[in-house]
Amino acid sequence: IENPAILEDGTRAFSGEIDRTFLRPLIKNYTRQNKSIEIGGFDAFCLVINDKPSGLLKKYIQWGETQGYDQRSVTRLQNPWYRPTIQMQTGVEVLAPRSFGETFVIYSNPARHLSLRFYRLHHKYPNSQQLVGYLNSTLYILFLETLGNKSLGQGVLDFFMADFLRMKIPIVLNSSVERAYEQMKNRDIKPIFEEIYETDRRELDGIIFDALDLTTGERDAVY
C-alpha cells in the first residue's frame, strides 16, 4: 500500500502482512449496531502471540514501536510489550456491558470471541442458554436499574463489577426458559419501553414470574 490509511488515533495503518494464525476474532464495536442477544459475528482482530513471533510478525511489532504503542499505559507493563493481557487470550460465553442506555442486553457469545468493554461472566452452568435467558428477563433488568450507578447523566446507567458481585443469580434449571430464549435470541432487542410489549419477551418473563409465584399485580408492578 503506497499511502496507508490514517487510523482514528492519528497513526498510519500498517502496510504489510501478518500471519493469520496469530489473529483472534474480537468484538470491539460490534454490539453498537447488532443488538441481538446472541453475538453472531465480530468486527476486529486481536494479535495473540504465545510463542516467538515470526519474521512477518516482527515487522509488525517494529511498526508498532514506531507508532508508540509500546509506551501506552497497559503495554508498558507487559513483558514483552506486545504480549496480550489475560483478557485478550481467552473468550467467555456470557458478556455483560459496563453501561446501559435505554436498551438492556446481556450477551451470549457462543463462539467465545475476545471482547473489549465488557464484563466477562464465568459460570459453572452446564447450559449457558438458561442462564442468559434469565439474565435477559425483565425482572433482571429491574435489578440492574435498581443497583446501577445513575450519576453519569444523559440517561446512562453505569454498572461496576462490585454491583454485579452484589447480585444474587439463581441456578436456573428450567427447559422452558431455554425454549423461550431460543425464540428471541436472534432478533434485535428494542428500547425497554417497546421491548416489554414483545410477545416472546412476555413468554420468557411469564416463566420467571411463575417460578416466583408473582401475582398479577406484582407482575404489572415489575413492568
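# Close-up views of a predicted chain

In strand 6, Leu114 is the bridge partner of Leu26. Before we zoom in any further: this is a predicted model, where local features need pLDDT of at least 70, side-chain atom pairs count only at pLDDT 80 or more, and totals for chains, interfaces and linings use all residues. Residues are numbered from 1 along each chain as its sequence is written, and side-chain values use heavy atoms, with hydrogens and water left out.

**View 1. The protein chain from end to end.** Nine helices and eight strands make up the tally for the protein chain. Here helices (H or I, at least four residues) and strands (E, at least two) are DSSP runs, numbered from the N terminus. Along its principal axes, the C-alpha trace spans about 65 × 40 × 30 Å. Of the 223 residues in the chain, 43% are buried; buried means under 20% relative accessible area, exposed means over 50%, and partly exposed is in between (1.4 Å probe, protein chains only). Now take the contacts between residues at least 6 apart in sequence: 63% of them join residues at least 24 apart. A contact means heavy atoms within 4.5 Å.

View 2. Two strands pair if DSSP finds at least two bridges between them. Strand 1 (residues 23-27) and strand 6 run parallel and are joined by two bridges. That is where you'll find Leu26 of the opening sentence, with Leu114 as its partner.

View 3. Strand 3 (residues 94-97) runs antiparallel to strand 7, and four bridges link the two. Follow the partners across: Val94 goes with Leu121, while Pro97 goes with Phe118. Which residues cover the two faces of strand 7? Phe118 and Arg120 are on one side, Tyr119 and Leu121 are on the other, and all are buried.

**View 4. Helix 3, tucked away.** How many residues of helix 3 (residues 128-135) are buried? The answer is eight of its eight, so helix 3 is mostly covered. Among them are Gln129, Leu131, Gly133 and Tyr134. The partners that these buried residues pack against are strand 3, strand 5, strand 7, helix 4 (138-147), helix 6 and helix 8.

**View 5. Helix 6 meets helix 8.** Two packed helices are described by the angle between their axes and the distance between the axes. For helix 6 (residues 175-184) and helix 8 (residues 199-211), the axes come within 9 Å and cross at roughly 165 degrees. That makes helix 6 roughly antiparallel to helix 8. The axes are lines fitted to C-alpha atoms, for helices over the stretch in contact, with angles from 0 to 180 degrees between N-to-C directions. Under 35 degrees counts as roughly parallel, over 145 as roughly antiparallel, 65 to 115 as roughly perpendicular, and the rest as oblique. Helix 6 passes helix 8 in a left-handed crossing. Helix 6 brings Ser176, Val177, Ala180, Gln183 and Met184 to the contact, and helix 8 brings Asp200, Arg201, Glu203, Leu204, Ile207 and Ile208. Sorted by type, the residues of this contact are six nonpolar, two polar and three charged. Left-handed means that the near helix is turned anticlockwise from the far one by less than a right angle, and right-handed means clockwise. Ala, Val, Leu, Ile, Met, Phe, Trp, Tyr, Cys and Pro count as nonpolar, Asp, Glu, Lys and Arg as charged, and the others, Gly among them, as polar.

View 6. Most residues other than glycine have a negative phi, and most peptide bonds are trans. Asn79 and Pro80, though, are joined by a cis peptide bond, with omega about -5 degrees. Look for Pro80 in the loop between helix 2 (55-66) and strand 3. Arg117 has a positive phi, near 60 degrees, and lies in the loop between strand 6 and strand 7. Its relative accessible area is 44%, so Arg117 is partly exposed. Asp213 has a positive phi too, near 55 degrees, and belongs to the loop between helix 8 and helix 9 (216-222). Is Asp213 buried or exposed? At 66% relative accessibility, Asp213 counts as exposed.
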